[in-house]
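Keep the structure open as you read.

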Amino acid sequence: MKIAVYPGTFDPITRGHIDILKTASRMFDKVILAVAEASAKNTLFTTDERTELCRQSCSDIQNIEVMKFSGLVVDFAESVEATTMIRGLRAVSDFEYELSLALMNKNLKSTIDTVFLLPSHDFLYLSSSIVKQVIKLGASIDKFVIPEVRDALREKYNIQEK
């Protein structure tokens, strides 16, 4: 069985992430969406909230499993018998950072490869940070996240439905 891990903070998960997951789900027998517990990022949602929003967002994709993890992602990948790490690339600016992560991960665990996937054209510019900025400024984010994520963001930011 070919198992891949798609790690991230997913704060929150977007349709761009889901697009990457759908592509990965066609390439691998099982894809584990790995929600990072500890991060250098200051997350809006708790790990449990992010994990639940991820579960809701990809519940219609058959071979996806959502798990949280802490520590090195390569150790987590090895513990679930994954041989591949999935990383999304949106723009050239992502490439340098993602390449350095992939090279470090390969150095730490030579048995784990990284596959870079591109989201569809509609989501090339999309990030969790942008989604959070847009909703705080009062614009609709319905085409960027599922309704449960939109509602969770409204609640966090105390935004009333229009």
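## Disulfides

How many disulfides does the structure hold? In this predicted model, the number is 0. As a reminder, a disulfide is a covalent bond between the sulfur atoms of two cysteines.

Take Cys54, whose closest cysteine sulfur is in Cys58, 6.6 Å away. A disulfide needs the two sulfur atoms within 2.5 Å, so this pair is too far apart for a bond. Both residues are tucked away from the surface: Cys54 is buried, with a relative accessible area of 0%, and Cys58 is buried as well, at 3%.

## The largest nonpolar core

Now find the largest nonpolar core, which has 32 residues. Tyr6, Leu21, Leu33 and Ile86 have the most contacts inside this core. Several helices and strands supply at least two residues each, among them strand 1 (3–8), strand 2 (30–36), helix 2 (47–57) and helix 6 (147–157). Helix 1 gives the most, with 4 residues.

## A closer look at Tyr6

Which residues is Tyr6 in contact with, leaving aside its neighbours within four places in sequence? The list includes His17, Ile20 and Leu21, then Val31, Ile32, Leu33 and Ala34, and finally Ile86 and Gly88.

## A second core

There is also a second, separate core, made of 14 residues. Try to spot Ile3, Ala34, Phe69 and Ala82, which are included in this second core.

Key
Residues numbered from 1 in each chain as written. Predicted model: local features only at pLDDT ≥ 70, side-chain atom pairs only at ≥ 80, totals over all residues. Heavy atoms only, no water. Core = buried A, V, L, I, M, F, W, Y, C linked by side-chain atoms within 4.5 Å. Buried < 20%, exposed > 50% of the residue type's maximum accessible area, 1.4 Å probe, protein only. Contact = heavy atoms within 4.5 Å.
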